[in-house]
Amino acid sequence: MKKYTYTEKKDTRSGFGAGMAELADQNPNVVGLCADLIGSLKFEKFIEKAPERFFQIGIAEANMIGIAAGLSIEGKIPFTGTFANFSTGRVYDQIRQSVAYSNKNVKICASHAGLTLGEDGATHQILEDIGLMKMLPGMTVINTCDYNQTKAATIAIADYEGPVYLRFGRPVIPVFTDPEQKFEIGKAWRVNEGKDVTIVATGHLVWEAIKAGEILEKQGIDTEILNIHTIKPLDEDAILKSIQKTGCVVTAEEHNRIGGLGDSVAQILTTQYYVPQEYVAVDDSFGESGTPDQLMEKYGLNAEAIIAAVKKVIQRKK
């Protein structure tokens with residue numbers, strides 16, 4: 001099994017900020033819009049470099065989406081920024097009507113996603129956003145795994161024509177991907193090659209899958225790990241090739257088990273190639289206040305939960 005190490009931990013939202021800072025220099029059509037959360041979204045460097053291309057909308061998220069749609073008509077590439085809960089649930093009608101329906105070139109960038117928002121509690125911890133956004137026709141949905149991948153994805157989506165939902169988070173996590181990586185929308189990254197079980201992970205759960213794989217290797221279980229940073233369009237070929245080899249799959253995500261990555265994978269299994277599947281996800285509930293580590297443990301979103309799911313799905317395969 002390939003070993004992954006890290007020398008530092010960073011939050012993925014800072015990767016977004018670093019990507020926006022580069023876009024300030026690289027692309028004069030990129031504009032930033034924020035709903036009163038400049039610090040939380042790490043917009044400072046973009047504002048420093050391109051103050052004339054930044055718009056502070058205030059606590060008016062629906063207006064922010066409408067303004068972004070209008071700017072896109074004039075050839076600008078708007079990047080909106082606020083918490084994932086306010087980026088999706090609060091403004092779903094505006095996104096559907098003003099962005100998705102007319103295929104506007106708007107990039108909806110959402111921080112503080114999932115349980116790892118932590119102490120702010122259930123009202124801010126959205127666990128339904130991937131499902132909401134992937135159901136919109138034409139919407140690309142990206143959920144990155146570390147600082148470097150988030151930076152690369154932020155830069156890449158500026159060159160992609162069409163609406164994008166980019167999801168990232170607040171907690172500091174290991175930085176383990178290549179800082180010079182080329183981010184390919186819709187292309188899975190095979191983190192490790194194995195033969196006994198496929199782990200399909202996204203976002204913060206990719207590092208947990210790597211930790212689980214190392215422990216399972218010592219127990220004689222050979223895991224193949226796929227990093228699905230693009231949930232829509234989904235790299236079905238990569239998933240099919242893997243499950244045809246391993247014969248079972250575990251999906252891992254910081255999201256409700258209903259409507260997320262796991263359900264997208266299940267559609268492949270039911271329509272193209274059936275194998276047993278186990279979910280590592282929040283079991284249809286809201287979150288609560290707590291530290292990110294406490295919540296990930298309580299809701300079964302860590303390496304230990306992935307290991308248990310792997311052992312269960314291998315037994316089902318047998």
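I began with the largest cavity, whose lining consists of Thr12, Ala113, Asn143, Thr144, Arg167, Phe168, Gly169, Thr202, Gly203, His204 and Glu254. A cavity here is a set of points, on a 1 Å grid over the protein atoms alone, where a 1.4 Å probe fits but cannot get out; lining residues have an atom within 4 Å of a point.

I noted that the model is predicted: local features need pLDDT of at least 70, side-chain atom pairs count only at pLDDT 80 or more, and totals for chains, interfaces and linings use all residues. Residues are numbered from 1 along each chain as its sequence is written, and side-chain values use heavy atoms, without hydrogens and water.

I looked up the volume of the largest cavity and found about 70 Å³. I recorded its lining as 2 nonpolar, 7 polar and 2 charged residues, with Gly counted as polar.

Buried means under 20% relative accessible area with a 1.4 Å probe, protein chains only. Strands are DSSP runs of at least two residues, and helices of at least four.

I traced E6 to strand E7 (residues 164–167), which runs parallel to E6 and is joined to E6 by 4 bridges. Asn143 has Arg167 as its bridge partner in E7.

I then examined Asp129, in helix H7 (residues 129–134). Asp129 counts as buried because its relative accessibility is 0%. Beyond neighbours within four places in sequence, the contacts of Asp129 include Ala113 and Arg167; contact means heavy atoms within 4.5 Å.

Methods: Buried means under 20% relative accessible area, exposed over 50%, partly exposed in between (1.4 Å probe, protein chains only). Two strands pair if DSSP finds at least two bridges between them. On a 1 Å grid over the protein atoms alone, a cavity is a set of points where a 1.4 Å probe fits but cannot get out, and a pocket is an open set with protein on both sides within 12 Å along at least five of seven lines; lining residues have an atom within 4 Å of a point. Grid points are joined across faces, edges and corners, and a volume is the space filled by probe spheres set on the points.
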